[in-house]
Amino acid sequence: MSDNLPPFMNDESQSPPPIDGGGSFAESMGAFGKMLKIQEKISDQFPKSKVPWSETRKFLKAHDINSIKSTPLYKFHMNLFKKIGLGDMQLVSYAPMHYIFAVPNCPVCSLYPALENQKVCVATSDALHRFFTEDLELECTVEEIECVKDGDKLCKFKVDLQPISAYQIMLDSYDKRILHGERPSELDEADIQQRIDTLTVYKLIENGKLTDIGDAYLQYAGNVDVEEKEFEPPWKKEEELAEIASNKKTFGAAFGEMAQKVQNESDTQQSQSQSSDTQTQDNESEKTNEAKEESKNSQSFAELFEKMKKKQK
Ligand SMILES: [Zn+2]
């Protein structure tokens with residue numbers, strides 16, 4: 001009976017036939033499953049990851065690698081890609097409007113055991129493109145410029161921003177007034193100078209004067225009126241949860257404090273009752289002793305609270 005089965009179904013000790021001369025069928029199927037998982041996570045996470053312009057602006061205005069890396073958006077981006085399964089990405093090179101990200105030990109490469117001498121990390125390039133265009137609203141092109149599968153040390157991805165879309169988000173109303181030659185009196189000198197430096201880095205101003213690019217942008221911006229949407233950045237919720245978790249640790253201490261307070265109030269009542277009418281003294285001290293005992297014995301905040309309420313009636 002078993003003789004009639006196809007060979008790779010009845011003989012498990014023998015390797016299934018290789019596909020394309022390298023990489024087994026099982027490996028290919030495993031890789032396919034992993035790739036599906038990455039795509040699923042992208043579909044799940046990206047719609048929840050829209051970033052407000054105010055945060056993207058901080059990222060765009062940072063113009064050296066260290067200050068870019070310290071923006072909340074950069075940290076969020078790197079965590080998100082790691083969570084999705086695209087590896088430990090990091091910024092390795094920067095020029096205005098151009099970012100090069102590298103992934104050491106790129107997990108996407110290992111999904112293509114059969115492929116050599118080519119760049120294979122399309123999943124990462126696509127994810128970068130989707131993140132920048134959909135979540136940051138920055139038009140861009142993304143290219144894998146180096147790949148481990150192509151004999152390079154690391155997989156590297158170059159993101160080139162489309163200038164108009166970057167300017168649109170980067171420049172706020174003060175920057176536009178500065179481009180028009182104003183020095184907004186609401187801002188202090190240091191702030192104005194910092195903005196001029198950024199506008200110079202982005203070639204909108206040169207030696208304090210509007211460049212051709214700056215002029216072209218102002219003409220364009222004068223014709224479109226885009227309203228900036230304001231909403232919480234996607235990492236806000238995570239920060240709030242972390243805060244709640246750290247507060248929880250001190251809940252015990254807060255409860256202890258509350259119990260102590262009830263006890264102190266009882267003590268005060270007791271000393272007051274001692275100085276009052278001798279006829280009520282016994283009754284009062286009985287009551288305070290009772291409260292003391294209860295605050296000691298109460299197991300939870302809710303229980304203590306209920307008892308305090310009853311006492312007040
Ligand atoms: Zn690669």
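**Reading a sheet and its helices**

Guide: Start with helix α6 (residues 122-135), which lies across β2, β3 and β4 and runs at about 155 degrees to β3. Helices (H or I, at least four residues) and strands (E, at least two) are DSSP runs, numbered from the N terminus. Axes are lines fitted to C-alpha atoms, for helices over the stretch in contact, and angles run from 0 to 180 degrees between N-to-C directions. This is a predicted model, in which local features need pLDDT of at least 70 and side-chain atom pairs count only at pLDDT 80 or more, while totals for chains, interfaces and linings use all residues. Residue numbers start from 1 along each chain as its sequence is written.

Visitor: In what order do the 4 strands of the open sheet stand?

Guide: Strands of a sheet pair through backbone hydrogen bonds, either parallel or antiparallel. Here the order is β1-β2-β4-β3, and the pairing is antiparallel. Two strands pair if DSSP finds at least two bridges between them. β1 (90-95) and β3 (140-146) are at the edges with a single partner strand each, so one side of each has no neighbour in the sheet. From one strand to the next, the twist averages 20 degrees.

Visitor: How many bridges join β2 to β4?

Guide: There are 6 bridges between β2 (residues 98-103) and β4 (residues 155-161), and the two strands run antiparallel. To follow the pairing, look at His 98, which is opposite Asp 160 in β4. Ala 102 is likewise opposite Lys 156 in β4.

Visitor: What lies between β1 and β2?

Guide: A turn: β1 and β2 form a hairpin with 2 residues between them, and Met 97 in that turn has a positive phi of about 75 degrees. The strands β1 and β2 run antiparallel and are joined by 5 bridges. One of the pairs is Gln 90 with Ala 102 in β2.

Visitor: At what angle do helices α3 and α5 cross?

Guide: Two packed helices are described by the angle between their axes and the distance between the axes. The axes of α3 (residues 53-61) and α5 (residues 72-84) cross at roughly 100 degrees and come within 8 Å. That makes the two helices, α3 and α5, roughly perpendicular. For such labels, angles under 35 degrees count as roughly parallel, over 145 as roughly antiparallel, 65 to 115 as roughly perpendicular and the rest as oblique.

Visitor: Which residues of α3 and α5 meet?

Guide: From α3 come Glu 55, Thr 56, Lys 58 and Phe 59, and from α5 come Pro 72, Leu 73 and Tyr 74. Two residues are in contact if their C-beta atoms, placed from the backbone, lie within 7 Å. By class, this contact has 4 nonpolar, 1 polar and 2 charged residues. Ala, Val, Leu, Ile, Met, Phe, Trp, Tyr, Cys and Pro count as nonpolar, Asp, Glu, Lys and Arg as charged, and the others, Gly among them, as polar.

Visitor: Is Leu 73 buried or exposed?

Guide: A residue is buried if 20 or more other C-beta atoms, placed from the backbone, lie within 10 Å of its own, exposed if 12 or fewer, and partly exposed in between. Leu 73 has 22 other C-beta atoms within 10 Å and is therefore buried. Leaving out residues up to four places away in sequence, Leu 73 touches Val 51, Glu 55, Thr 56, Lys 58 and Phe 59.

Visitor: Which residues of α7 are buried?

Guide: They are Tyr 167, Ile 169 and Met 170, and they pack against α3 and α10 (212-223). Helix α7 spans residues 163-170. Met 170 counts as buried because it has 23 C-beta neighbours inside 10 Å. Beyond four places in sequence, Met 170 is in contact with Arg 57, Leu 60 and Lys 61. Arg 57 is 113 residues from Met 170 in sequence, yet their C-alpha atoms are 4.6 Å apart.

Visitor: Where is confidence lowest, and where is it highest?

Guide: It is lowest in helix α1 (residues 7-10), with a mean of 38, and highest in β2, at 98. The score is pLDDT, the predictor's confidence in each residue, from 0 to 100. The protein averages 80, and 72% of the residues score at least 70. Over residues 273-281, pLDDT stays under 50, and the model has 6 contacts for them beyond four places in sequence.
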